[in-house]
Amino acid sequence: MAGPLTEDRIAAYIATRLDGASDVSVSGLRRIVGGASRETYRLKLRYVDAAGGVIERPLILRRDPPASLIDTKRDVEFAAYRAFYGSAVPVPEMLWLEEDPGPLDFPFFIAEELVGFESSPTGLLNPPYSDKAETIGQRKWSILGEISKADPLALGLDRLMEVPSPDGCWKRELAYWEAEIDKDELEPQPIIRAAIRWLKRNPPPPAQKISVVHGDFRSGNFLYDKEGEIHGILDWEMAHLGDPLEDLGWGLNRIWCWGGDDRRGGLLPRERAIDIWETASGLKADPAALHWWELFNCVKGQGIWVSSAKAWMDGENRDPILIFSAWRMLNAQDRAALELMGKL
Amino acid sequence: MTPDTRSIITDLAGRMAMVFAPDLKSPYMAGSAGLTAAVLMMVAEEGDRTAHRLVEENRAIRAILTSAATADPPADLAARIRTLAAGGDDDLHVSALQAANNELRAALSDLQAHVETRADAAAKTLNAAIWSELVASTGRRAFSNMGF
């Protein structure tokens, strides 16, 4: 049976991973909001290193919950962060991955905490951040361009992630998310079923390259400051290899238009975001292909939202975010699909 | 009964967001309380309208299903549609209305899959009516002040 997550338990674990360290302690353990698939905690690590120096470091611990919105592999998320550490794509440093549930009852990983930045998607709509929307938007879509441009084989990610064929990306992704909806839907979803049928009848062209796909690249999953700089891309839990237009389509999804207008992610209009991404990635967003991936992302979103409803109804996870997802997000996702199909 | 459910839940949600949440020391608990308040606001809105939107929607779908014979659906689907179209909402409990709605929307989806790729006028007319109803269904489920 799982016991409480305590500072002493975490310190005991870290002590086993730090060569030559002594007096290892953890303080300030606090759960924070962060990511939908794992519990996220903030803590401060203190220890004496082999040279006798006192080291203090703010850290983040991400632990598997009993039930999640989405089923993801923590080793893949960990590897994706590590692959981009120190690159043009800002990410926090990953420190330890623990697959054994023994130390803290569930698998987890520990990373550096990037301190002092904002992540709220709705925070972008108001001053002082709204005054920097152009700058933040430029950085956001440029960084996605860098992710799309990267060579996943050179990053070594093919060791953990399946490498699809360019013409197999769409089939794999659509099949996966349709199966998620089949498995988890608690009531009929006629709009998204119509979208799935359309996507099957009108397949996209093969991917122009196989890219790293972040999987959840949107406002809310990066850390920003008042000057408009982005300091960390977070939540790589759905990372995989595939068509780079998948990520672009997810970020452009209308459900992230919290301001109610065309500013995607509350920052820049759709066409401007695409221009920035194309320039940064050196790739092309063919309009018909991008349309397919935008509609596909409505299916993916609905897969997540119906799974949220099921997780809540099953009683495995009663976080109120799941109700919000099951009601607001699911309906907004239907409206996004209707808009893309020219019905709204 | 007065005060009504919507007023009560809306007030409690406001208290949670504006009075209780700001006093919580844990950022996670404060955030969770704020989110709970937002969900309660949605519950207040949905609770007031659920029966109305389900009755309205069930009635609209039955009307479409009643006209479905013109599109010549396969025998098993046609029989299912006839049964559903002849039904009604005598039991106004939300659970009963929702169960009927699930059956009706599933049949509507199957009917659309049957007609959506056909070029004949009957199928096109029916498909347009189904799309119109699906658009209306998202309007019935939309919440106030929630962006897109």
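Visitor: Before anything else, what counts as a pocket lining residue here?
Guide: A lining residue has an atom within 4 Å of a grid point of the pocket. The model itself is a predicted one.

Visitor: OK. Which residues lie nearest the centre of the second largest pocket?
Guide: Those are A:Glu187, A:Ala326, A:Trp327, B:Arg53 and B:Gln98, out of 29 residues that line the second largest pocket.

Visitor: And what volume does that pocket have?
Guide: The second largest pocket has a volume of about 750 Å³.

Visitor: Which elements give two or more residues to its lining?
Guide: From chain A, α8 (287-313) and α9 do, and from chain B, α2 (27-66) and α4 (94-115). The element that gives the most is α9(A), with seven residues.

Visitor: How does the lining split by class?
Guide: The lining of the second largest pocket has 14 nonpolar residues, nine charged and six polar.

Visitor: Switching to the contact between the chains. How many residues does each side put in?
Guide: Chain A puts in 35 residues and chain B 32 residues.

Visitor: How much area is buried there?
Guide: About 3000 Å² is buried between chain A and chain B, and carbon and sulfur atoms give 68% of that area.

Visitor: How many salt bridges are there between the two chains?
Guide: Two salt bridges are counted between chain A and chain B. A:Arg201 forms a salt bridge with B:Glu116, where the closest N and O atoms are 3.1 Å apart.

Visitor: What about polar contacts between chain A and chain B?
Guide: The count is 10 residue pairs in polar contact, with both residues at pLDDT 80 or more.

Visitor: Which parts of chain A touch chain B?
Guide: At least two residues each come from β1 (22-32), α5 (190-201) and α9 (320-340) of chain A. The largest share of that side, 13 residues, comes from α9(A).

Visitor: So what is the make-up of that side by class?
Guide: The side of chain A that touches chain B has 20 nonpolar, 13 charged and two polar residues.

Visitor: Back to salt bridges. How many over all chains?
Guide: A search of the whole structure finds 46 salt bridges. One pair is A:Glu39 with A:Arg63, at 3.2 Å from N to O.

Visitor: Where do A:Glu39 and A:Arg63 sit in the chain?
Guide: A:Glu39 is in strand β2 (residues 39-48) of chain A and A:Arg63 is in strand β3 (residues 54-63) of chain A. They are 24 residues apart, and the pair links distant parts of the chain.

Visitor: Now the backbone. Which residues does the cis peptide bond in chain A join?
Guide: The bond joins A:Pro127 and A:Pro128, with omega about 5 degrees. A:Pro128 lies in the loop between β5 (108-112) and α3 (133-149) of chain A.

Visitor: And which peptide bond is cis in chain B?
Guide: The bond from B:Thr2 to B:Pro3 is cis, with omega near 5 degrees. B:Pro3 lies in the segment before α1 (5-20) of chain B.

Visitor: Last one: what is phi of A:Asp105?
Guide: Phi of A:Asp105 is near 75 degrees, a positive value in a residue other than glycine. A:Asp105 is placed in the loop between β4 (94-98) and β5 of chain A.

Key
Residues are numbered from 1 along each chain as its sequence is written. Chains are lettered from A and ligands numbered from 1 in the order in which they are written. This is a predicted model: local features need pLDDT of at least 70, side-chain atom pairs count only at pLDDT 80 or more; totals for chains, interfaces and linings use all residues. Side-chain values use heavy atoms; hydrogens and water are left out. Contact means heavy atoms within 4.5 Å. Buried area is the accessible area (1.4 Å probe) that two parts lose on being put together, summed over both. A salt bridge is a side-chain nitrogen of Lys or Arg within 4 Å of a carboxyl oxygen of Asp or Glu. A polar contact is a pair of N or O atoms within 3.5 Å; within protein, one must be able to donate a hydrogen and the other to accept it, and residues adjacent in sequence count only if both atoms are side-chain atoms. Helices (H or I, at least four residues) and strands (E, at least two) are DSSP runs, numbered from the N terminus. Ala, Val, Leu, Ile, Met, Phe, Trp, Tyr, Cys and Pro count as nonpolar, Asp, Glu, Lys and Arg as charged, and the others, Gly among them, as polar. On a 1 Å grid over the protein atoms alone, a cavity is a set of points where a 1.4 Å probe fits but cannot get out, and a pocket is an open set with protein on both sides within 12 Å along at least five of seven lines; lining residues have an atom within 4 Å of a point. Grid points are joined across faces, edges and corners, and a volume is the space filled by probe spheres set on the points.
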